[in-house]
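The sequence and structure are shown first.

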Amino acid sequence: MNHFDIIVIGGGPAGAATAIEAAKGGASVAIFEKASYGRDKVCGDGLTPRAMGALNDLGISATGIHKIFGLRMIAGKTRRELQWPTGSKFPSYGAVWVRKKLDAHLIEAASQAGAVMHFNSEAIPTFDGDRVRGVSVGGEYWTADLVVAASGAPGKVARMLGSERKTNEPYGIAIRTYVESPRHDENYLEASLAMRDSQGTPISGYGWMFPAGDGTVNLGVGALSTMRGFKSLNLNRLCDLYRDHVSEEWNVGPYLEKPRAWRLPMTSQKRCGPGWVAVGDAAGLINPMNGEGIDYSLESGMLIAQLFLENPVTAPEKYDQIIGERFDSFLRTGRRFSYLIGHPLVLRSGLRVAVGSQTMANLTLQVMGNLIDSDMPGGAGKVLRVADKLLAAADPILRSTQAKGKS
Ligand SMILES: Cc1cc2nc3c(=O)[nH]c(=O)nc-3n(C[C@H](O)[C@H](O)[C@H](O)COP(=O)(O)OP(=O)(O)OC[C@H]3O[C@@H](n4cnc5c(N)ncnc54)[C@H](O)[C@@H]3O)c2cc1C
């Protein structure tokens, strides 16, 4: 039988979440993943409390994983260690769950829910007029009522669907590796916000040490495309600089693998069309404030599955509308903010404010930790609403004065 209710292209968190939720609800689902079972994904492996909430919603148990209870932010000589808040609608803990294991676990859950898995299977959308009808995989054809592009940072699938990132909007890149450290079992994420490149230019982004609890720490650095000198940024060099910076405090061993970099898409030209939707990175759902994408992948995957189960015909448009309501203004504010901190001076003084007092550090924590839900309650929500208005008014100036060139 070559027809499914839903065909998912890509077996990362977004694809697996779609499949788990849809298959549990009785839909027939197939996932095509071009890599083999147990593939790795270049990632910081950090899960915020919000991502843990999404995993709970999917029925994924957190038993035995390395829990994280807060974030240490470092800017120059200032360091603040803050616990994730208790009493919010999200769990009071996050986690570091290495992607090789997390993704395999999610794929197994999808399979147990009834989804049919195909590894080593690169899928290409097929069309009937402008409607996506299914996929072709190595010369074989499969049809579906809905094709879900969960194919990660845009490539061939996005080009065919017209869902590539908007070229005039910010995006990110990041690099990571693993190191051994006696501090591997700490329960705090660490983010160094005042990084500089080898020329001394401030990085709009951060370096991280995310302890995995298995003898290793995920060490990495990410940067936004709006920073000065972005095009000539040497990520490998930056990674080495950051390792040197943390080496003594963390007593790090040599790199356990060659540092690898990947893109962080933060927009997409469209996220649905006749017969298809895009979820997760394929839909450009990454938070510019912290580079987090796993939560959005899980949430968007679950959402399209629920909407499909309710009504397959209206699901794509409804999905686009709800994703827009839930995430668009927050992510847009983040992108505008990234123009602002692309200016070294603004970044320096901004950092001073962001971690300078306990109150501001708490707000920064809520933003960095993605603890603001769609209704944006609390102090951080209010600040963001005001920032959204101010940054919207300043948008043309921010774009036209974007930091460029070398430092
Ligand atoms: C260095 C770095 C650090 C990061 N750190 C964090 C972090 O700490 N926390 C966090 O939340 N987010 C982080 N992110 C972002 C996070 O990794 C992504 O948002 C997340 O992986 C998106 O999941 P996804 O399922 O959408 O895509 P992916 O995980 O990329 O999965 C897409 C899958 O689709 C498959 N595929 C692609 N094309 C096809 C095709 N044609 N046919 C079949 N299969 C196909 C790929 O092989 C892949 O397995 C980081 C990103 C980077 C680059």
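By class, the shell around the ligand comprises 17 nonpolar, 14 polar and 11 charged residues (Ala, Val, Leu, Ile, Met, Phe, Trp, Tyr, Cys and Pro count as nonpolar, Asp, Glu, Lys and Arg as charged, and the others, Gly among them, as polar). The model is predicted: local features need pLDDT of at least 70 and side-chain atom pairs count only at pLDDT 80 or more, while totals for chains, interfaces and linings use all residues. Residues are numbered from 1 along each chain as its sequence is written.

**Ligand shell**
- Among the 42 residues around the ligand, Gly-10, Gly-12, Gly-152, Gly-280 and Gly-293 come nearest (near: C-beta atom, placed from the backbone, within 6 Å).
- The ligand lies between domain 1 (3–69 + 89–165 + 265–328) and domain 2 (172–264), because both give residues to its shell; the domain bounds come from an automatic or database domain assignment.
- At least two shell residues each come from α1, α4, β12, β16 and α6 (DSSP runs numbered from the N terminus: helices H or I, at least four residues; strands E, at least two).

**Sheet**
- The strand order β3-β7-β4 forms an open sheet of 3 strands with antiparallel pairing (pairing: at least two DSSP bridges between two strands).
- β3 and β4 are edge strands with a single partner each, so one side of each has no neighbour in the sheet.
- Leu-47 has Ala-95 of β7 as its bridge partner.

**Helix packing**
- The axes of α2 and α6 come within 8 Å and cross at roughly 30 degrees (lines fitted to C-alpha atoms, for helices over the stretch in contact; angles run from 0 to 180 degrees between N-to-C directions).
- The contact of α2 with α6 has 7 nonpolar, no polar and 4 charged residues (contact: C-beta atoms, placed from the backbone, within 7 Å).
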